[in-house]
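Subject: Handover of the two-chain model

Dear colleague,

I am passing the structure below on to you, together with a written account of what was found in it. Please read the account with the coordinates open beside it.

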Amino acid sequence: MAMNDLERLVSLQDLDLMIQETDEVAKLGFNVTGYDELQKAREELANQISRPLLSRYERLRAKLKRAIVPVKNDICLGCFLRQPTSLAARGREDEEIFTCENCGRMLYWLD
Amino acid sequence: MRKSELASHFNPALFIPELKATDKEAVLKELLDLFVKEKHIRNSAIVLEMLHQREKLGSTGIGKGVAIPHGRTVAASDVLIAFGKSTAGVPFDAMDGKPVHLFFMVIAPPNDEGNVYLQILGSLMPILSDAENLQRMKAVREYNEFIEVIRGE
Ligand SMILES: [Zn+2]
């Protein structure tokens, strides 16, 4: 699948969430023997993202736990602030990466 | 988590009494398509990628004919569970090597209040380790019959 930067960031965030919760999921009785392989997949994906964008992602993640969050009904699901309508229309096109003015997280429009 | 609360995360529109899929990949897609149809997910390729990665971590086929593909994704806003059943069974690299008949796909946003996502996974486990529940679920034809088993009725 050919992904753009925004989609790669979403996939990276999904992977990081998965890696982060591996212990909890293992405690519930799930098989997590592929942990090292998952780490490797994470590094491969990270290598496909431009350096400045990746370091922005890492900085946000270190500070706010989640660097990129969904936007639903124009609400940032990181901090629940409504996004300006002008931003929403362009955000949906998935071409540019926008950030929430309030919490600073990168945004991914769901609708 | 109470059974009634667990039941509230299921939805008649996310229910397939007889899956068409006959392999692992097709099952993931068929269940994921329900979320797309219901507009819970806009970009299914991203979520499918996440589910593939999750299977890389370890098969979500927990044995006894049950699989629980699951994960958090930035491409979702609600915690929802889809259910699908295959009478013939589907090879799914399950822990016990047996084909899987009952599928529970749990999709969650990056964060959710009260960590409902992990609670859902945790409360599904005991229900799905009960042989009588599994027998009943394998026989369901309608959503109402199914949700009764989840509710413990
Ligand atoms: Zn925000």
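In what follows, helices and strands are DSSP runs, helices of at least four residues and strands of at least two, numbered from the N terminus. On that basis chain A, read along its sequence, follows the pattern α-α-α-α-β-β-α-β, which comes to five helices and three strands. Please keep in mind throughout that this is a predicted model.

Chain A

The three strands of chain A form an open sheet in the order β2-β1-β3, with mixed pairing. Its edge strands are β2 (75-76) and β3, each of which pairs on one side only. Between β1(A) and β3(A), which run parallel, there are four bridges, and V71(A) stands opposite W109(A) in β3(A). In the helical part, D5(A) and R8(A) both lie in helix α1 of chain A, three residues apart, or about one turn of the helix, and their side chains meet in a salt bridge with an N to O distance of 3.3 Å. As for overall dimensions, the C-alpha atoms of chain A fill a box of roughly 45 × 30 × 25 Å along the principal axes.

Chain B

Chain B has six helices and six strands, and from the N terminus on its elements run α-β-α-α-β-β-β-β-β-α-α-α. The radius of gyration of this chain is 14 Å, close to the 15 Å that the globule rule gives for 153 residues, so chain B is as compact as a globular protein of that length. Taken along the principal axes, its C-alpha atoms fill a box of roughly 35 × 30 × 25 Å.

Although I62(B) and A94(B) are 32 residues apart along the chain, their C-alpha atoms are separated by 6.0 Å. Leaving aside its neighbours within four places in sequence, I62(B) is in contact with A67(B), I68(B), M95(B) and M125(B), and also with F30(A) from the other chain.

The interface

Where the two chains meet, 35 residues of chain A are in contact with 31 residues of chain B. The area buried between them is about 2,900 Å², and carbon and sulfur atoms give 64% of that area. The count of residue pairs in polar contact between chain A and chain B is nine, both residues of a pair being at pLDDT 80 or more.

Which elements of chain A each supply at least two residues of the side that touches chain B? They are α1 (5-20), α2 (22-27), α3 (35-47), β1 (68-72) and β3 (106-109), and the largest share, eight residues, comes from α1(A). By class, this side of chain A has 19 nonpolar, seven polar and nine charged residues.

With best regards

Terms used:
Residues are numbered from 1 along each chain as its sequence is written. Chains are lettered from A and ligands numbered from 1 in the order in which they are written. This is a predicted model: local features need pLDDT of at least 70, side-chain atom pairs count only at pLDDT 80 or more; totals for chains, interfaces and linings use all residues. Side-chain values use heavy atoms; hydrogens and water are left out. Contact means heavy atoms within 4.5 Å. Buried area is the accessible area (1.4 Å probe) that two parts lose on being put together, summed over both. A polar contact is a pair of N or O atoms within 3.5 Å; within protein, one must be able to donate a hydrogen and the other to accept it, and residues adjacent in sequence count only if both atoms are side-chain atoms. Ala, Val, Leu, Ile, Met, Phe, Trp, Tyr, Cys and Pro count as nonpolar, Asp, Glu, Lys and Arg as charged, and the others, Gly among them, as polar. Two strands pair if DSSP finds at least two bridges between them. The radius of gyration is taken over C-alpha atoms; the globule rule is 2.2 Å times the number of residues to the power 0.38. A salt bridge is a side-chain nitrogen of Lys or Arg within 4 Å of a carboxyl oxygen of Asp or Glu.
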